[in-house]
Amino acid sequence: MGRALPTVNTAQRPPLILIADDTDVSRALLRRMLVRTGFRTLLAEDGAHAIALAEKRRPNMVLLDLRLPDIDGSAVLSHLRDTFDAVTLPIIMVSAEHDGEVIAACLGLGANDFVTKPIHFPTLRARMETHLRVQAARAALGDLPEILPPSAHASAGFAPQRP
C-alpha cells in the first residue's frame with residue numbers, strides 16, 4: 001500500500017492552481033489529485049481560456065500543457081511572462097514532450113519548471129510546493145524591488161527559441 005499524499009496547510013486559504021491542458025482526462029486527473037491534497041483548481045482547455053483565467057482570477061500557479069489548441073503553451077507562457085513575474089505566477093510546463101531542446105526553450109521563455117507526462121504526482125507536487133514556498137516567502141517580505149522583471153530573459157541577452 002502506498003504512502004498517503006501530504007495535504008496543503010488549510011489554516012490559510014488553499015492555493016489556486018490553473019490547469020491548462022487540451023485533454024479532458026489529463027485535466028480531470030490533475031484536478032482530482034490536487035483537490036484531494038487541498039488545492040483549489042481552475043480548468044482551461046485551450047490557450048485563450050488559460051490566458052483569460054490567469055488574468056481574471058490571478059491563480060497562485062499555472063500547470064501548462066505545451067500543446068494547446070488555438071494558442072500553444074509556449075505562446076501562453078510568453079504572454080503570461082509579459083504580465084507576471086516568475087515568483088508572482090509560477091508556471092510549470094506539463095507535457096509529453098521529452099526533447100531537451102524544447103524543454104530548454106520553455107525554461108528560456110520563463111517557465112519555472114518542466115514535468116513530463118506521464119506525470120509522477122509526488123514529483124509534481126514537490127516541485128509545486130517548492131515554487132509556492134518561494135511565493136509565500138516573497139509575500140511575507142512585502143514589496144521588494146524585482147530582481148528580474150517579467151521579460152528579463154530578453155533584456156539579459158537570451159534569445160529563447162519557441163518550441
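**Close-ups of a predicted model**

**View 1. Helices α2 and α3 run side by side, with axes that come within 10 Å of each other.** Helix α2 covers residues 47-57, helix α3 covers residues 73-83, and the two cross at roughly 20°. (Axes are lines fitted to C-alpha atoms, for helices over the stretch in contact, and angles run from 0 to 180 degrees between N-to-C directions.) That crossing angle makes α2 roughly parallel to α3; angles under 35 degrees count as roughly parallel, over 145 as roughly antiparallel, 65 to 115 as roughly perpendicular and the rest as oblique. From α2, the contact uses Gly47, Ala50, Ile51, Ala54 and Glu55, and from α3 it uses Val76, His79, Leu80 and Thr83. (Contact means heavy atoms within 4.5 Å.) Sorted by type, the residues of this contact are 5 nonpolar, 3 polar and 1 charged. Here Ala, Val, Leu, Ile, Met, Phe, Trp, Tyr, Cys and Pro count as nonpolar, Asp, Glu, Lys and Arg as charged, and the others, Gly among them, as polar.

A quick note on the model: it is predicted, with local features needing pLDDT of at least 70 and side-chain atom pairs counting only at pLDDT 80 or more, while totals for chains, interfaces and linings use all residues. Residues are numbered from 1 along each chain as its sequence is written, and side-chain values use heavy atoms, with hydrogens and water left out. Helices (H or I, at least four residues) and strands (E, at least two) are DSSP runs, numbered from the N terminus.

**View 2. An open sheet of 5 strands has the order β2-β1-β3-β4-β5, with parallel pairing.** Two strands pair if DSSP finds at least two bridges between them. At the edges sit β2 (40-44) and β5 (113-116), each pairing on one side only. From one strand to the next, the twist averages 20°. Strand β1 (residues 16-20) pairs with β2 over 5 bridges, and Ile17 has Thr41 of β2 as its bridge partner. Helix α1 (residues 24-36) packs on the sheet and touches β1, β2 and β3 (61-64), its direction making about 170° with that of β2.

**View 3. Asp65 and Lys117 form a salt bridge.** Their closest N and O atoms are 3.7 Å apart. (A salt bridge is a side-chain nitrogen of Lys or Arg within 4 Å of a carboxyl oxygen of Asp or Glu.) The partners sit 52 residues apart, with Asp65 in the loop between β3 and α3 and Lys117 in the loop between β5 and α5 (121-141). The structure holds 7 salt bridges.

**View 4. The peptide bond from Lys117 to Pro118 is cis.** Its omega is near 0°, and Pro118 lies in the loop between β5 and α5.
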